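Visitor: I have not looked at this structure before, and I would like to learn how to read it.
Guide: Let us take it step by step, beginning with the display itself.

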Amino acid sequence: MPEPADDGARIVDVVQVNDRTRDLTIDSPAVGKQMVRLLVPRGFDAEASRRWPVLYLLHGATDSYVSWTRSTDVEALTAGMNLLVVMPEGGDHGYYSDWWNRGKGGPPMWETFHTVELRQLLERNWRAGDRRVVAGLSMGGMGAMSYAARHPEMFLAAASYSGVLDTPLGGVRDAAMWGDPKAQAAIWREHNPTDLAPKLRGLPLYVSYGDGRPGPLDGAIGVDDLERRIARENEHFLARLEEAGIAVTIDAYGAGVHDWPYWERALHRSMPLLLEALGEPN
């Protein structure tokens, strides 16, 4: 039987999708029954005592744990890499947070699920090592930078692709999540990557985004207002990093909308930085 997490979270089912892809069903006190997709390294079964460095890939809003394998070539990209790739469910609009719930707390607790429960389950049952990096797109970009800042002992590098990096400018409107932006301003600051930016000191960082104009990888015929807003958020985040004297690799590529071809390209472009942080060959 799989070993549970400290709070009783447990893996209740494993489906082998193909030679490298495994879908875990996890029964979690923090978020209920949720899915996590893994890409195991080629040598996973043959090297039964080896522990593997971990790449967390976080999905965007209105999407799910299948999005990275559905919409990018991440499986082919990592085929020759010694990585355990972890793609967890993050909720339709979960925003990688333990929700405030008008001061009562309790589920959904996405941050607890990802950084405590899932971490323990992977270490105890899937030979995950203690070297980890995190990357995400849109809402998942917010999650990557927020988790890296709030859990500096957990991640060695972080990457954001068209990330929601200054949340007061964005579309977060559910008062149950962080409360009122004014009355609960402290809670908002605790989850806003721009406010958290100084806590990212010492970590290799990668940030990419477009300006919303139709670009070379899309078929758009007009300006994408979402990516245009994302660009402003990223500019605020980068300005805060610069103010704090924190280095970051920037790919402000100009023309491009909020869509998968750009995020797949960003994954490729950021992979050398992520692998170097893990101590893995490029």
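The dialogue below goes from the whole chain to single residues.

Visitor: What should I know before I start?
Guide: This is a predicted model, in which local features need pLDDT of at least 70 and side-chain atom pairs count only at pLDDT 80 or more, while totals for chains, interfaces and linings use all residues. Residues are numbered from 1 along each chain as its sequence is written, and side-chain values use heavy atoms, with hydrogens and water left out.

Visitor: How many helices and strands does the secondary structure of the protein chain come to?
Guide: Helices (H or I, at least four residues) and strands (E, at least two) are DSSP runs, numbered from the N terminus. In this protein chain there are nine helices and nine strands. The radius of gyration, taken over C-alpha atoms, is 18 Å, close to the 19 Å that the globule rule (2.2 Å times the number of residues to the power 0.38) gives for 282 residues, so the chain is as compact as a globular protein of that length. Along the principal axes, its C-alpha atoms fill a box of roughly 50 × 45 × 35 Å.

Visitor: What percentage of the residues of the protein chain count as buried?
Guide: Buried means under 20% relative accessible area, exposed means over 50%, and partly exposed lies in between, with a 1.4 Å probe and protein chains only. By that rule, 57% of the 282 residues of the protein chain count as buried.

Visitor: Where does asparagine 101 lie, and is asparagine 101 buried or exposed?
Guide: Asparagine 101 lies in the loop between strand S5 (84–88) and helix H3 (110–125), and it counts as buried because its relative accessibility is 14%. Contact means heavy atoms within 4.5 Å. Leaving aside neighbours within four places in sequence, asparagine 101 is in contact with Gly106, Pro107, Pro108 and Ala176. The side chain of asparagine 101 also reaches the backbone oxygen of glycine 106, at 3.2 Å.

Visitor: How many salt bridges does the structure hold?
Guide: A salt bridge is a side-chain nitrogen of Lys or Arg within 4 Å of a carboxyl oxygen of Asp or Glu. The structure holds 17 salt bridges, and one of them joins the side chains of arginine 124 and aspartate 6, at 2.7 Å from N to O. That pair links distant parts of the chain, since arginine 124 is in helix H3 and aspartate 6 is in the segment before strand S1 (10–16), 118 residues apart. Arginine 124 is partly exposed, with a relative accessible area of 31%, whereas aspartate 6 counts as exposed at 60%.

Visitor: How far apart are arginine 119 and glutamate 123 in helix H3?
Guide: Arginine 119 and glutamate 123 are separated by about one helical turn, because they are four residues apart in helix H3. Their side chains meet in a salt bridge at 3.6 Å, N to O. Arginine 119 is partly exposed, at 21%, and glutamate 123 is also partly exposed, at 23%.

Note on methods. Polar contact = N/O pair within 3.5 Å; in protein donor to acceptor, adjacent residues only side chain to side chain.
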